Structures are given as C-alpha cells and as structure tokens.
Amino acid sequence: MAYAQTPKKTGLPREVLKWLQSLDLSFSPKNVRRDFSNGYLVAETFSWYYPDEFSMHSYDNGTSLGAKLSNWAQIERFFTKHHIPLPKEVIDGTIHCKPGAAEILVQEIYSILTHRRLKMWLGGEVDFSDRSYQEQLPMVARSTASKAIKNNLRLSEMIAEPNISTIQGKIQAIVERHLEDRRLERLQDPKRFGVKPTLGERAARPPPTASQSRQDSLSIPRPDSTGSVIRRRGSVSFKEMDGCQSPRSLSF
C-alpha cells in the first residue's frame with residue numbers, strides 16, 4: 001500500500017497574505033516552500049522598506065543551488081549589518097525546502113518589518129523533520145533508517161556543506177532519533193515485535209501482605225534459655241546445637 005509523502009504545513013495567515021499582496025511583488029507566491037527558497041522574494045520584500053540596500057538586478061530568480069546560496073549570502077550580510085535576528089536554522093531550512101521553514105521565515109519577516117506580532121502556529125521546539133508525520137502513520141508504514149535519512153537530509157544540504165564531518169553528524173543524529181523512536185514502539189507494542197519478558201520481569205514478586213509480614217517476624221531466630229538459637233519454619237521448630245564437643249577418650 002502506498003502512503004502519501006510528508007504533508008505540507010499549514011499555509012500563511014490571511015494577514016500575512018494580504019501584506020504580501022500589498023507589496024506588489026514581481027509574482028505572487030503560490031507554493032511558499034518553493035517560491036521563497038531562492039531568496040529572491042525575500043530580497044524584493046526588503047527592497048520596499050530598504051530601497052538603498054537592495055538592487056534587484058544583483059539577485060537571480062533561479063532554482064539552482066548556486067543561485068540560492070548567492071542570493072542568501074547577500075541577504076545575510078544585510079541581516080548582520082542591521083542586526084536582524086533571523087535564526088540560521090530557519091534560513092537553511094528555507095534554502096533546502098524543509099517542511100514549515102519558509103512559513104516561519106515569512107512570518108518572522110512580517111513581524112520585523114511591520115512591528116506586529118503573530119501567534120506562532122508551530123508550538124514547542126522548531127523541528128523541520130518529518131517526525132510528527134511519522135507518528136501519525138501506523139507502525140507498519142513508518143520509515144526505515146535509510147528512508148528516514150533520505151526524508152530528513154536533502155541532497156542540496158550535502159552539496160552545500162563541504163565538511164563531511166558535519167554531514168556525518170547530521171546522519172548520526174537522524175539514525176539515533178530513529179532508533180529511539182523504534183525503542184518506544186517496542187515498548188508500546190511488544191507483541192508485534194516478539195519481545196519476550198526478561199527473567200527479572202517474569203520473576204517479579206508482588207509486595208508482601210500483612211499475613212506474610214507476620215510470618216516473617218515469627219521466623220526471626222531467637223535464643224532459648226540454654227543459649228541455643230531456635231528457628232521456626234512453618235509449624236516445625238529447629239534448634240541449633242553448639243558445635244563444640246568434648247574430645248572423646250582414646251583407648252590404646
């Protein structure tokens with residue numbers, strides 16, 4: 001059975017869409033993840049507020065990785081110059097078309113330029129992986145380790161990052177997260193994975209009852225009048241004798 005790919009995140013709020021339409025951009029964004037990835041619309045948006053800082057003839061409205069990196073390098077220099085706080089992971093996620101990254105970027109730009117705050121639709125920690133989507137699928141349809149790497153690591157990321165150690169670290173993080181999810185699945189449904197209880201789990205004993213506690217207290221050894229220790233086990237009493245005996249007389 002074939003399952004759909006990772007679904008698109010919720011679109012932009014109506015307020016943000018009206019604001020983008022009011023800027024009279026060169027083209028209206030239809031697919032936010034694709035149209036904002038090369039940075040051309042981002043530069044055009046800022047050119048309305050900072051016309052002296054942006055010359056649109058120096059930006060390429062192409063889809064190649066080189067065009068994206070060139071455009072965003074110029075935009076990031078502008079962000080650094082004017083101390084505009086846009087997270088690096090959001091920019092990288094937008095370049096590599098990660099789910100939800102472009103939507104967050106556009107909303108942040110809207111808040112910076114209009115000084116209006118929006119209720120962020122993404123709660124909790126920002127995560128551009130397909131983890132939330134995988135959790136909605138039945139266990140049999142969830143990704144394997146190799147599929148998880150393919151879904152969460154874009155080819156453009158590996159091309160753009162020359163340091164192989166950084167790529168290996170990203171792959172290791174994806175695999176570790178996948179193994180952790182698998183471990184949780186085995187705990188949730190042990191029968192499906194054929195998980196057998198350990199010896200310790202089989203030998204687990206319930207806490208002692210009140211009657212057992214009284215019996216244990218009766219089984220505590222106590223000395224009698226002769227100094228010997230009397231042990232009780234059930235209805236039978238055992239008396240420990242002194243091990244030191246007098247030497248027997250030997251006859252020759």
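Ser143 sits in the loop that runs from helix H7 (131–136) to helix H8 (145–152); helices here are DSSP runs of H or I with at least four residues, numbered from the N terminus. This is a predicted model, where local features need pLDDT of at least 70, side-chain atom pairs count only at pLDDT 80 or more, and totals for chains, interfaces and linings use all residues. Residues are numbered from 1 along each chain as its sequence is written, and side-chain values use heavy atoms, leaving out hydrogens and water.

Ser143 counts as buried because its relative accessibility is 11% (buried is under 20% relative accessible area, exposed over 50%, partly exposed in between, with a 1.4 Å probe and protein chains only). Its side chain makes two kinds of entry in the table, listed as polar contacts (N or O pairs within 3.5 Å; within protein, one atom must be able to donate a hydrogen and the other to accept it, and residues adjacent in sequence count only if both atoms are side-chain atoms).

| Side-chain pair | Distance |
|---|---|
| Ser143 – Gln134 | 2.9 Å |
| Ser143 – Asn151 | 3.4 Å |

Leaving aside residues up to four places away in sequence, Ser143 also touches others, including Asp130, His178 and Arg182 (contact means heavy atoms within 4.5 Å).

Now for helix H4 (residues 65–81). With 17 residues at 1.5 Å each, H4 should span 24 Å, and its end C-alpha atoms are 24 Å apart, so the two agree; the expected span is 1.5 Å times one less than the number of residues. Buried residues in H4 include Leu65, Trp72, Ile75 and Phe78. Their cover includes helix H3 (40–49), helix H5 (88–95), helix H6 (101–114) and H9. Just past H4, His83 has a positive phi of about 55°.

Over in helix H9 (residues 155–160) you'll find Met158, which counts as partly exposed at 36% relative accessibility.

How values were computed: Helix = DSSP H or I, 4+ residues; strand = E, 2+ residues; numbered from the N terminus.
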